[in-house]
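Welcome! Take a moment to look over the sequence and the fold, and then let us walk through them together.

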Amino acid sequence: VLDSSGELPHEPAPVAAHVLTVPHRCLLVPGNHDLSWKEKVYEWQDAGEVDTAKLPDGNFIRQGDGYLVRMDEAIYGQRFKNFATFHHQFMQQPYPLEVQKQAQVYIHADDKIQFIGLNSSCRIDRYNKGRASIDGRALSHALMEAEKQIKDAVTGGHIPKSADVLRIAVWHHPITGNEKIFDDAFVQLLQQADVRLCLHGHFHE
């Protein structure tokens with residue numbers, strides 16, 4: 001419905017117009033097209049100055065007589081700066097640039113539905129466009145927050161203790177087929193946390 005500028009690309013249909021008035025009923029998760037390739041998150045260093053044995057896998061790329069070395073997490077997170085701005089404008093809530101915090105959890109007590117939004121593009125950049133993954137720290141944070149929300153909702157009398165809350169996880173990349181998330185072990189953790197439905201995007205057909 002929305003493009004990256006936050007404007008409706010076509011004449012708003014009744015449903016689209018309604019969505020704009022109820023952001024609290026929406027969930028936005030970033031995809032690979034929400035990254036900015038213009039952000040400088042690697043710096044070139046001479047090969048003699050780089051000890052690759054001390055660098056995590058995926059944090060360096062051989063280029064000529066040296067390496068492109070990924071900058072620290074704070075700078076690397078700037079790739080999602082534009083998405084964070086749009087998210088804040090539309091949802092009226094900040095979107096963190098720290099990868100370990102990129103998980104959103106919303107509970108709709110009246111409907112007994114809870115959504116967990118994850119960022120499967122957290123390790124994608126201009127040199128690693130196929131590196132879809134879910135950050136384990138963000139997932140752990142999300143699952144703990146999900147449990148807390150339900151406990152708080154029960155304590156506050158918003159849902160009964162016996163309520164069967166439908167927990168749904170949402171992210172961008174698929175877990176099967178081409179361009180899948182490479183390490184899909186996180187799905188088992190979602191199953192153990194009683195997530196009963198997973199939704200993804202990415203495919204356009």
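A contact, as the word is used here, means heavy atoms within 4.5 Å. Counting contacts in the protein with a separation of 6 or more, 63% come from residues 24 or more positions apart. Please keep in mind that this is a predicted model, in which local features need pLDDT of at least 70, side-chain atom pairs count only at pLDDT 80 or more, and totals for chains, interfaces and linings use all residues. Residues are numbered from 1 along each chain as its sequence is written, and side-chain values use heavy atoms, with hydrogens and water left out.

Let us begin with the overall layout. There are 5 helices and 7 strands in the protein; helices (H or I, at least four residues) and strands (E, at least two) are DSSP runs, numbered from the N terminus.

Next, the surface. A residue is called buried under 20% relative accessible area, exposed over 50%, and partly exposed in between (1.4 Å probe, protein chains only). By that rule, 39% of the 205 residues of the protein count as buried.

How many disulfides does a search of the whole structure find? The search finds 0, a disulfide being a pair of cysteine sulfur atoms within 2.5 Å.

Now for the rings. Rings of Phe, Tyr and Trp (its six-membered ring) pair if their centres lie within 6.5 Å; planes under 30 degrees apart count as stacked, over 60 as edge-to-face and the rest as tilted. The structure holds 5 aromatic pairs. One of them joins F60 and Y67 edge-to-face, at 5.9 Å centre to centre with 80° between the planes. Here F60 is partly exposed at 25% relative accessibility, whereas Y67 is buried at 13%. Another edge-to-face pair is F83 with Y95, at 4.9 Å centre to centre and 90° between the planes. F83 lies in helix α3 (residues 81-91) and Y95 in the loop between α3 and β4 (103-108), so this pair ties together parts 12 residues apart in sequence. Both F83 and Y95 are buried.

Finally, look for charges over rings, where NZ of Lys or CZ of Arg is within 6 Å of the ring centre and within 35 degrees of the ring normal. The charged end of R70 sits over the ring of Y76, 3.9 Å from its centre. K129 lies over the face of W37, 5.1 Å from the ring centre.
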